[in-house]
Amino acid sequence: MKKVIYTRFGGPDVLHLVDSEVPRPGRGQVRIAVRAAAVNAFDWRVREGQKLGAHPVRLPAGLGLDASGVVEAVGEGVADVGVGDAVFGEGIETYAESALMTQWHPMPTELTFTEAAGYPSVVETALRVLDEVGVRSGQTLLVSGAAGGVGSAVVQIARSRDIAVIGTAGPNNQDYLRGLGVLPTTYDHGWVERVRRLGHVDAALDLAGAGIIPQLVELVGTPDRVLTTADLDAPELGVRFSGAAGDVRSALVEAARLIAEGALRIPVAETYPLADASVAHADSQAGHTRGRRIIVM
């Protein structure tokens, strides 16, 4: 099978497509024929060597977490899916034609394989950070980076909980956010005052890592109600960094429910063949994404 690997840390150019052995599922795992795999910021941060403390890497290594596909083989102890079933979830080195999955759920019939690959980790992250930041129904949440994959999930789940959302994004994504029920503004000069004019902020999420933690704390009034998934230096300012994954299986169940109810839809920004994983990483790192970037087989 074909698989994307890297043998040294660095930029997108370290990614290479190679021939690899088809993995065998262990206990509690399934192997899928991958139809699509999502590109996450976590992927390129690991590729650069940024997260070695929390995510040790032994080179050469593959990449990829989120995927959708069709079950090819089932490991010992797995009884909820069988060969031929369509699933989406999280796995191991999913930038490949076949991959082992560790967490999965039947793929929602409302989605294509390409769309479904974009949901698992961003929905888990969205559910986790909304709970951790402590925002409640009737309050207002400020989201920096509201149009990206995690941002798209956060704002829709928040709106489904009757939480008002102010979101920052680029000029081309203002109408997109309005369509999701968000009060949008751009993140260029004067954005803090524009947010103040839009309303009082009870809590804030930094999903972009744009170095604006002090401004978010100023708007909220306390670092206790500010949370980041992108700024590793935020704890120095008293703001929590959320990076450890929570209950992925429950997040997949919740994602399927919200999708079926029409309360959650994450757009696909662009698709790439497996051989262009390096291009997908470069585009992801450039930012300004609306929704998800997906590698398709």
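Two strands count as paired if DSSP finds at least two bridges between them. Helices (H or I, at least four residues) and strands (E, at least two) are DSSP runs, numbered from the N terminus. This is a predicted model, in which local features need pLDDT of at least 70, side-chain atom pairs count only at pLDDT 80 or more, and totals for chains, interfaces and linings use all residues. Residues are numbered from 1 along each chain as its sequence is written, and side-chain values use heavy atoms, without hydrogens and water.

Start with the sheet. Six strands form an open sheet in the order E10-E9-E8-E11-E12-E13, with parallel pairing. Strand E10 (183–185) and strand E13 (240–241) are at the edges; each has a single partner strand, so one side of each lacks a neighbour in the sheet. Strand E11 (residues 203–206) runs parallel to strand E12 (residues 226–228), and three bridges join them. Ala-204 has Val-226 of E12 as its bridge partner.

Contact means heavy atoms within 4.5 Å.

Helix H6 (residues 191–198) comes next. Its Trp-191, Val-192 and Val-195 are buried, meaning under 20% relative accessible area (1.4 Å probe, protein chains only). The buried residues of H6 pack against E8, strand E9 (164–168), E10 and H7. Gly-199 follows H6, with a positive phi near 145 degrees.

Conventions: Buried means under 20% relative accessible area, exposed over 50%, partly exposed in between (1.4 Å probe, protein chains only).
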